[in-house]
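Here's a quick tour for anyone about to set this chain up for a calculation.

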Amino acid sequence: MSGSVYDYDPESLYRTKFPEYFDGKWLTYDVAGRRFTTHSFQRAHQTFSDPRFGPVEVGELHSVNGLFGDMEWHRPTSAVFGPDGALYVVDAGLDSGTGRDGGNEGAGVFRIDHVGDGRSPGAGIAVDRDSGSAPLTVAFEGAGSGAAGRARVTYAWDFDGDGGTDSTEGNPSYTYRTEGRFAARLLVTGPEGTTATAGHEITVGNTRPRITVRRPPDGGMFRPGDALAFTVGVKDDEDGATTPVDCARILVRSEAGRPGPLRPLAGSRECRGSIATEAGDASRSGALRITARYTDRGAPNAPELTGSASLTVRTALQEAEGFTTTGGTHDGAVTGSRAHASGGRALTEIEDGDWIAFDPVHLGGIRSVTVGATACGLGGTVEFRAGSPDGPLLGSLTVPGAGAGDVSPTTALRNPGDSVRLYVVFTNSAWESESPDLFTVDRLRFHGPGAGRTGAR
């Protein structure tokens, strides 16, 4: 997705605007991959004395760099620089759209400031519980609060929302004795009187239900057109272990396809159903999210509460450039434009020891994998490993050297049993810093029934 190009305004008085370094950089973001990048462009014509490098012109792409690597997003769907020089991001949350069916966990509009060295203090709240029966003792933690350089900050907690200060500790606890919903707030004051605030809702008299998506496995694979069977489990303290689950109160959202109606599983607090995936829909390649939400019935003096759980499923065809992360000799492989590649992009600049990782992946029902590559360099081995670049070997194959053109070697895969971070490692011990790259990789196609099953009847 395309964001805006930053236009640095030296006249702006907004203290935490993005700096001049970002001037002219184009911001893009990946909704499914939940990552941001900046694209830098050539500012002037340039030639090089080294004959290996041709001239570059104004406006040509110079570099692509990651941004906000330490921030977690659900589904960033809009990102725009404001006139104040801050970046405003809309996150659509865990479900497929904000505001649907009464809410969406994690959705919001966020402002990102460039705080630099003279940063404002941060404020954040973590709790050991946010709901339960009265009396309810909650341990609060000012997680993420503080100022740069360990500068001294002060804390002011208001647990019951009456506007008073109930504690000045960094990590206090508080006992709620009255049922209801309360807005706990934290005010952090830093050097020169700079402040930051955070809030957290506490519900007393009702306990948030605990949701588990028991099927399919997290990272399981399917083929477009399959019917994905799923099972959702619900635990709710107030309803008790023997009360049947009202499956109609479970809302399932899926990027993979259209969920069907849920039916109760006899003798358990679970519901089951299936997701109809669309056959041949190339736009649904990659990692897709399934989210289940259950809203309980509330209590006489406490509101309803919603619990949710999410997992990832993957199409059997995975574009290589859709990796979760990369690393290796020179920070890993690079995504480059290739007109003949699937989706117009492929992994390039692959050197010995480079790797990409997909997380999570579950290889249940997967027997083998085919790598679509172009033999345009030194050649080498592609290894599939679990957990780390040197983790247990699940399978390997060889890509020949230059001259073989487009190739599609296949290897059998061993199932490690659980959901893992799957590493695809590229090796050739003969490679040296002056050697050509090993090859380019376009896609990975996994074979086998995977997690796809006919829906429950």
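In which strand is Pro-360 found? Pro-360 sits in strand β28. Keep in mind that this is a predicted model.

Pro-216 belongs to a loop, the one between β15 (210-215) and β16.

## Positive phi outside glycine

Asp-331 isn't a glycine, yet its phi is positive, near 70 degrees. You'll find Asp-331 in the loop between β25 (325-327) and β26 (334-337). Is Asp-331 buried or exposed? With a relative accessible area of 68%, Asp-331 is exposed, since the cut-off for that class is over 50%.

Glu-349 is also a non-glycine residue with a positive phi, here near 50 degrees. Glu-349 is part of the loop between β27 (345-348) and β28. Its relative accessibility is 45%, which makes Glu-349 partly exposed.

## A four-stranded sheet

Four strands make up an open sheet, in the order β16-β23-β22-β18, and the pairing is mixed. The edges are held by β16 (220-222) and β18 (250-254); each has a single partner strand, so one side of each has no neighbour in the sheet. From one strand to the next, the twist averages 30 degrees.

## Nonpolar cores

The largest nonpolar core counts 32 residues, and the ones with the most contacts inside it are Leu-347, Val-382, Phe-384, Phe-426, Val-441 and Phe-446. Strands that give two or more residues to this core are β28 (355-361), β29 (368-375), β30 (380-386), β31 (393-399), β34 (420-427) and β35 (440-447). Which of them gives the most? That's β34, with four residues.

Take Leu-347 as a way in. Setting aside neighbours within four places in sequence, Leu-347 is in contact with Ala-320, Glu-321, Phe-323, Ala-333, Val-334, Thr-335, Ile-356, Phe-426, Phe-439, Thr-440 and Val-441. Apart from this core lies another one, of 23 residues, and among them are Phe-230, Val-232, Val-234 and Ala-309.

## Cysteines

By the distance rule used here, the count is one disulfide. It joins Cys-247 to Cys-271, with an S to S distance of 2.1 Å. The link of Cys-247 and Cys-271 is left-handed, at -90 degrees about the S-S bond.

Where do the two ends sit? Cys-247 is in the loop between β17 (227-235) and β18, while Cys-271 is in strand β21 (residues 270-277), so the pair links distant parts of the chain, 24 residues apart. Both Cys-247 and Cys-271 are buried. Cys-376, on the other hand, is partly exposed, with a relative accessible area of 46%.

How values were computed
Residues are numbered from 1 along each chain as its sequence is written. This is a predicted model: local features need pLDDT of at least 70, side-chain atom pairs count only at pLDDT 80 or more; totals for chains, interfaces and linings use all residues. Side-chain values use heavy atoms; hydrogens and water are left out. Two strands pair if DSSP finds at least two bridges between them. Axes are lines fitted to C-alpha atoms, for helices over the stretch in contact, and angles run from 0 to 180 degrees between N-to-C directions. A nonpolar core is a set of buried Ala, Val, Leu, Ile, Met, Phe, Trp, Tyr and Cys residues joined through side-chain atoms within 4.5 Å. Buried means under 20% relative accessible area, exposed over 50%, partly exposed in between (1.4 Å probe, protein chains only). Contact means heavy atoms within 4.5 Å. A disulfide is a pair of cysteine sulfur atoms within 2.5 Å.
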